[in-house]
Each structure stands twice: as C-alpha cells, then as structure tokens.
Amino acid sequence: MALEVWTVGLSHVAIAPRAAARAEAQGFDGMVVVDSQNLAGDPFVGLALAARETSTLHLGTGVTNPATRHPAAAAAAIASVHVASKGRAHLGIGRGDSALAHLGMAPAPVAELERFVRITRAYLRGDTVAFEDLRPYERDGARPVDVLGLAGSPHASRLHWLPPDLGPVPVEVVATGPKALAVAGAEADRVLLAVGADPVRVEWAIGVTRAAGAQRVGAFVNVVSHPDLAVARRLGAGSLATFARFSAMDGTVRSPIDATSERVLHEVHDRYDMNQHTRAGSPQAARLTDEFVDRFGVVGPAEHCVTRLRALAALGVDRFIIVGPSIDAEQDEARLAQKMFVGEVLPAIREVADAA
C-alpha cells in the first residue's frame, strides 16, 4: 500500500485555500484542518474553498467530534466537500478537545464516539438510519414529526442527494487509548493514531487496532526538521505538548510508556492551560524534557527525521499527518524547518514508498 504524507492547515476561510494550494505544490497528498469553532473558522467551508484551489490534494477534518455536530449534518457537510473536490474528501472524527473545552465540556465518551462514527458512516454510504438511532441527538423538549399531522412524512433518515459516482467519503477515527483504538479499528475506514512517534507505542497501538479489524493505519506525528536540535525541540514544543496530553487526557495513562516519560505526561496534564493550546510558550510546553521530545516526536536534522519516519512506516503506518512547528514558534526558524521537510525529508520518504 502506498505511503501517504499529509500536512495540517488552518480552517480559516482566508487561509485554508492558500495553504491547500501550497501543500499540493509542495507534494503533499492531503491536508487536514481542525474543527474547533472558538479557535478557527468552520472546517467544511474552509475545505470547500480549498477544493476550488486544488486538483489532487485530499482534504479532511482533523478532527470533528460527536458533541458539536449532528451526524446527519456532519455527513451532509463533508459530502458537500466531496462533491466540490470531485471525490477528495475525508471525514476525521475524534472525541473532541479544544472544541468542547471552549463550551465547558470534556471530550465525548468512547461509546458516544462509536455511535457517531457508525451513524455518520451509514449516512455517507447512502444507507437509511432509523429515527430511533437518532434519539440521543434530539434537543430537550423535541417533539416527533407525527404531531404535525402530515399526510405523509419520512419514516427514517438518509441523505437523498448523494452523487452515486463518487463513492462514500472515507470515515477516519483519531484515537490514543485502547478503547478508542478498538472502536476505530472496528468501525472506521482508517485509524489515525495519536500516540506519538515512539516505535514501542506505535507498534502497540497498531496491534490493538489490527485486533479490532483495522486494515489501514495512519498516524499524527510531530516532526520538526532543523539542523540545530535544540531549535527543533523548541519549535515543536507547543504542538507536541498538545498531542502528549492526549495520552493523559483525564490524568491516567492507559498506553505503554516508560516511567520517566509517564511523569512528563502527568506534568503536562497537571499544568495544561487550554487558553494557550498548541503554543510553544505555554506552561505545558515548558514541562517537556529533551528526552521526551526526542522520543515522542521526530526532531532534528533531515536524515534523522527520515530514519525515524521510515521505521514507523515499516511497522505498518501508511499515512503520516505531519504536525510541524507550533503556531507561535519563531517565524524564520519555522520557515527553515518547513523548507527542510519539503526539500529533504519528503523526497526521501517518497523514494522509500516508490521502491516498495
């Protein structure tokens, strides 16, 4: 199976189209944008605009969640992007983080994730969804359509307008803990790991998803390629702290990790300031040790990054979603890191994929 390399963009309508065009020109296979209504623009609008500026780049959410979206509305939104892009859309789903925190809520339970993935995927296949399956999404005080006394009314729910020639939108689930990994493996078209770049953790997570039935496994990976290792660590700290927190979301670590690294995860959890989400200058980023960054992420000179990514691909990862420098990192150094990844790391990964 071909190795894909994706990037992460911003969903803001003024940024997503330009970012997508640039990513396509640089040779990336796809781009995801976050669904976090208080921090960024609407992802589906941004992706639809990005579709107009690209012709080959795949476009997805990275990620939406079961709490702020009704499954029918989420399916309709991404299916619209699928039409606009002529079949290049992907729906990434997770339990939710910043989108829910800014509404005063914790991430959705795994059972809710499972239900949302199952129902949304049914909609995107053109299947009929029973009203009974939609009861958990009813607003308080909602009344059944029967009270209207219509001569005829729907007896179930489905998207009637889906184009038959494009095929369904792939539904992909981001997961970190064993329960979410199992749900992703059983229900999704692809699993996207968020466990870092430590081969031991990645191999464990792949094993959990394969046991549940997964065929395709990708991974979000924090990668900063820079000739100065200390600068590389600093550039990636904010984004890496965000992904590290996923492994200790509620203060408990449920994935394999050494004792020293586990202490770092707990410190990141205890000091996490959502008001400085993804920021390199945040309190949580300050708790990262050099050893943790080197193990959880992929940082350093280009050849080092290539070696690390090749090792993960050998474990069975067939898509990398590259999370680069933090949003508030030094701009000149961040540009150099991005230039090195595109100019040196990406071609080297492509060579391995082509040879395979």
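This is a predicted model: local features need pLDDT of at least 70, side-chain atom pairs count only at pLDDT 80 or more; totals for chains, interfaces and linings use all residues.
Trainee: How are helix 2 and helix 3 set to each other?

Mentor: Helix 2 covers residues 43-52, and its axis runs 8 Å from that of helix 3. The packing angle of the two is about 10°. An angle under 35 degrees counts as roughly parallel, so helix 2 and helix 3 are roughly parallel.

Trainee: How many nonpolar residues are in the contact of helix 2 with helix 3?

Mentor: From helix 2, the contact takes F44, L47, A48 and A51. Helix 3 meets them with A74, A77, I78, V81 and A84. In this contact there are no polar and no charged residues, and the nonpolar ones number nine.

Trainee: Which hand does the crossing of helix 3 and helix 5 have?

Mentor: On the helix 3 side, P71, A72, A74, A75, I78 and A79 make the contact, and on the helix 5 side F116, I119, T120, Y123 and L124. By class, these are ten nonpolar, one polar and no charged residues. The crossing itself is right-handed.

Trainee: How are helix 5 and helix 6 set to each other?

Mentor: Helix 6 takes in residues 178-187, and its axis is 10 Å from that of helix 5. The two pack at about 15°. That angle makes them roughly parallel.

Trainee: How many charged residues are in the contact of helix 5 with helix 6?

Mentor: The crossing of helix 5 and helix 6 is right-handed. Helix 5 contributes V110, L113, E114, V117, R118 and R121, while helix 6 contributes K179, A180, V183 and E187. Five of the contact residues are nonpolar and none is polar, and the charged ones number five.

Trainee: Which residues does the cis peptide bond join?

Mentor: Most peptide bonds are trans. The cis bond here has an omega of about 10°. One of its two residues, V63, sits in the loop between strand 3 (58-61) and helix 3. The bond joins G62 and V63.

Trainee: What is the phi of K86?

Mentor: Most residues other than glycine have a negative phi. K86 is in the loop between helix 3 and strand 4 (89-93). This residue is not a glycine, yet its phi is positive, at about 60°.

Trainee: Which helix gives the largest share of the lining of the largest cavity?

Mentor: The count gives one cavity of 30 Å³ or more, and the volume of the largest cavity is about 40 Å³. Its lining is formed by D198, R201, I257, S261, F292, R295 and F296. By class, the lining has three nonpolar, one polar and three charged residues. The largest share, three residues from the stretch 290-296, belongs to helix 11.

Trainee: How much space lies in the second largest pocket?

Mentor: The lining of the second largest pocket has seven nonpolar, three polar and five charged residues. The space in this pocket is about 420 Å³.

Trainee: Which residues that line the second largest pocket are the closest to its centre?

Mentor: The pocket's space comes to about 420 Å³. Of its 15 lining residues, the closest to the centre are R135, E138, R143, P144 and V145.

Methods
Residues are numbered from 1 along each chain as its sequence is written. Side-chain values use heavy atoms; hydrogens and water are left out. On a 1 Å grid over the protein atoms alone, a cavity is a set of points where a 1.4 Å probe fits but cannot get out, and a pocket is an open set with protein on both sides within 12 Å along at least five of seven lines; lining residues have an atom within 4 Å of a point. Grid points are joined across faces, edges and corners, and a volume is the space filled by probe spheres set on the points. Ala, Val, Leu, Ile, Met, Phe, Trp, Tyr, Cys and Pro count as nonpolar, Asp, Glu, Lys and Arg as charged, and the others, Gly among them, as polar. A crossing is left-handed if the near helix is turned anticlockwise from the far one by less than a right angle, and right-handed if clockwise. Helices (H or I, at least four residues) and strands (E, at least two) are DSSP runs, numbered from the N terminus. Contact means heavy atoms within 4.5 Å. Axes are lines fitted to C-alpha atoms, for helices over the stretch in contact, and angles run from 0 to 180 degrees between N-to-C directions. Angles under 35 degrees count as roughly parallel, over 145 as roughly antiparallel, 65 to 115 as roughly perpendicular and the rest as oblique.
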